[in-house]
Amino acid sequence: RQRPLAAKQIEVLAAAWLGSGLILVGLAWSLALSPLYFALALAGVGVDLLIYTVWLKRRSAWSILWGGLSGGIPILAGRALVVGRVDITGLLLALAIICWIPSHNLTLSMLYSDDYLNASIPTFINVYGLVATRTTVTLSSLLSILLMTAAFIRLNLSLVMFVILGTGSLGLVGLALYVWAKSSRQAVSTLYKYSSFYMLAAMIPLLLAGLK
């Protein structure tokens, strides 16, 4: 509610025009680069705007999966742009991000479950309870690490890159297990913030490898 749009510091119409303009420019750019890249980008926009935001966000606790799908499409599209097709490595990277989403999104809903409940937005914790949410966060974090590692193996990255990923992964799985065992607010808040650091630790090696 303190974000500029929700706090009415920005006009809704102005935000809509800006957002729409940026999306159209991005789609036009993607089409100029590659028809496949454009198709994937368009699918990501459609899933995020229509399925996740408009249709499911206020109706289903499972909307997070569709939001995660749209979050995984950019890396899939980027990989497809480079190799000219959708391949297993790209799918592994996209699935790793989709599985990472709960460590970032479900922890946020754990921290503000009352606010989501008051806003009539169904979240996983308010529908399925704390135990199911903690278990989902832990299992999805483990699966994200395994998928990302598999992608790194297929890319044949160097030992240094694996060390960077492994360091970040140890922190994520350790915090996820701690939250599963003891879901204190501080632990959940730390995992929520650390999940972004983990994804950064996974993206940096991919960026460095791509620059070679």
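**One residue, then the whole chain**

Student: Buried or exposed, what is Asn156?
Tutor: Asn156 is exposed, since its relative accessible area comes to 67%, where buried stands for under 20%, exposed for over 50% and partly exposed for what lies in between, with a 1.4 Å probe and protein chains only. Please keep in mind that this is a predicted model, in which local features need pLDDT of at least 70, side-chain atom pairs count only at pLDDT 80 or more, and totals for chains, interfaces and linings use all residues.

Student: Ok, and where is Asn156 placed?
Tutor: Asn156 sits in the loop between helix 7 and helix 8; helices (H or I, at least four residues) and strands (E, at least two) are DSSP runs, numbered from the N terminus. Its phi is near 55 degrees, a positive value in a residue that is not glycine.

Student: Why point that out?
Tutor: Most residues other than glycine have a negative phi. Lys8 is another one to look at, with a positive phi of about 65 degrees although it is not a glycine.

Student: Where does Lys8 lie?
Tutor: Lys8 lies in the segment before helix 1, which covers 12-33, and with 72% relative accessibility it counts as exposed.

Student: Zooming out, how many helices and strands are in the protein chain?
Tutor: The protein chain has nine helices and zero strands. Its radius of gyration, taken over C-alpha atoms, is 18 Å, close to the 17 Å that the globule rule gives for 212 residues, so the chain is as compact as a globular protein of that length; the rule itself is 2.2 Å times the number of residues to the power 0.38. Along the principal axes, the C-alpha trace spans about 50 × 45 × 25 Å.

Student: What percentage of the residues count as buried?
Tutor: Of the 212 residues, 37% count as buried. The chain exposes about 12,300 Å², with 70% of it supplied by carbon and sulfur atoms; such areas come from the Shrake-Rupley method with a 1.4 Å probe, and for residues only the protein chains shown count as cover.

Student: New topic, how many aromatic pairs are there?
Tutor: The structure holds five aromatic pairs, a pair being rings of Phe, Tyr or Trp (its six-membered ring) whose centres lie within 6.5 Å, with planes under 30 degrees apart called stacked, over 60 edge-to-face and the rest tilted. One of them joins Trp62 and Tyr128, edge-to-face, at 5.8 Å centre to centre and 65 degrees between the planes. This pair links distant parts of the chain, 66 residues apart, with Trp62 in the loop between helix 2 (35-56) and helix 3 (63-83) and Tyr128 in helix 6 (residues 124-128).

Student: Buried or partly exposed, what does Trp62 count as?
Tutor: Trp62 counts as partly exposed at 40% relative accessibility, and Tyr128 is partly exposed as well, with a relative accessible area of 41%. Another edge-to-face pair is Phe152 with Phe162, at 5.8 Å centre to centre and 75 degrees between the planes. Phe152 belongs to helix 7 (residues 130-155) and Phe162 to helix 8 (residues 159-181), ten residues apart. Phe152 counts as buried at 0% relative accessibility, whereas Phe162 is partly exposed at 26%.

Student: Which residues do ring pairs link into a cluster?
Tutor: Ring pairs link Trp62, Phe124 and Tyr128 into a cluster.

Student: And Ala187, which residues is it in contact with?
Tutor: Leaving aside its neighbours within four places in sequence, Ala187 is in contact with Tyr178, Val179 and Lys182, where contact means heavy atoms within 4.5 Å. Ala187 is placed in helix 9 (residues 185-211) and is buried, with a relative accessible area of 5%. Its C-alpha atom is separated by 9.7 Å from that of Thr107, a residue 80 places away along the chain.

Student: Last one, where is the place of Leu139?
Tutor: Leu139 is in helix 7, and at 52% relative accessibility it counts as exposed. The C-alpha atoms of Leu139 and Ile75 are separated by 22 Å, and these two residues are 64 apart along the chain.

How values were computed
Residues are numbered from 1 along each chain as its sequence is written. Side-chain values use heavy atoms; hydrogens and water are left out.
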